[in-house]
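Dear colleague,

Please read them with the model open beside you.

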Amino acid sequence: MDNLAVEDLETGGRNEFLFVPEIPARAQMAADAGFCKIKKLRLSGTVRDTGNGDWQLHGTLQASVVQQCVVTLNPVTSPVQAKLTRLYVTDASRLMPKSDFEIPEDENLELLRERIDLFELARETLLLELPQYPRIADAGSDGFATGEVPKAAEAPQPNPFAALKKKFQI
């Protein structure tokens with residue numbers, strides 16, 4: 001089940017869900033997002049009616065994703081454990097900022113549609129939670145990321161003006 005039909009949800013009750021995509025769906029999600037592989041992915045939670053036609057979703061995403069290290073290009077596995085909340089609203093005006101320079105109040109607001117797409121919710125959460133620049137723990141960077149002096153800079157360098165000084169000495 002990768003969608004929740006809103007019409008099938010129980011009003012006044014607690015609607016539990018569990019989304020564990022099969023290997024082909026995980027492979028497609030990984031290819032679309034540029035990951036090497038999604039080893040496991042599990043999205044679980046509840047959806048409740050708020051009483052005014054809106055629906056509140058609380059969930060937990062657990063995943064293990066293989067990405068490419070930005071330094072060595074070797075595979076690196078990144079675990080993900082994330083809590084997520086969404087409020088699916090019927091009033092689209094709640095999603096719009098009041099002015100051009102205003103940021104919407106709540107980034108967890110979504111417009112309620114006929115179905116709640118769990119596949120898309122899992123994909124979006126993974127993209128937000130995973131490191132943008134994954135790296136293997138012992139991947140070197142010549143010290144630039146850590147502030148250490150690179151090895152090549154430690155050796156004394158010849159003075160480029162030494163030859164001029166020698167030439168103009170009498």
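Predicted model: local features only at pLDDT ≥ 70, side-chain atom pairs only at ≥ 80, totals over all residues.

Residues are numbered from 1 along each chain as its sequence is written, and side-chain values use heavy atoms, with hydrogens and water left out.

S4 (residues 55–68) and S5 (residues 75–89) are antiparallel and share 14 bridges, pairing being defined as at least two DSSP bridges between two strands. The two form a hairpin with 6 residues between them, and Leu-73 in that turn has a positive phi of about 65°. S4 is also joined to strand S3 (residues 37–49), again antiparallel, by 12 bridges, and Thr-46 stands opposite His-58 in that pairing.

Of the 14 residues in S4, 10 are buried (under 20% relative accessible area with a 1.4 Å probe and protein chains only; over 50% is exposed, and in between is partly exposed). The largest nonpolar core has 28 residues, among which Leu-43, Ile-116 and Leu-126 touch the most other members; such a core is a set of buried Ala, Val, Leu, Ile, Met, Phe, Trp, Tyr and Cys residues joined through side-chain atoms within 4.5 Å. S4 gives the most to this core, with 5 residues.

The largest pocket has a volume of about 190 Å³, this being the space filled by probe spheres set on grid points joined across faces, edges and corners. A pocket here is an open set of points on a 1 Å grid over the protein atoms alone, where a 1.4 Å probe fits, with protein on both sides within 12 Å along at least five of seven lines, and lining residues have an atom within 4 Å of a point. The lining includes Arg-86, Tyr-88, Ile-116 and Glu-124, and it divides into 4 nonpolar, no polar and 7 charged residues (Ala, Val, Leu, Ile, Met, Phe, Trp, Tyr, Cys and Pro count as nonpolar, Asp, Glu, Lys and Arg as charged, and the others, Gly among them, as polar).

Arg-86 lies in S5 and is buried, with a relative accessible area of 6%. Setting aside residues up to four places away in sequence, Arg-86 touches, among others, Trp-55, Glu-110 and Glu-124, contact meaning heavy atoms within 4.5 Å.

With best wishes

Note on methods. Helix = DSSP H or I, 4+ residues; strand = E, 2+ residues; numbered from the N terminus.
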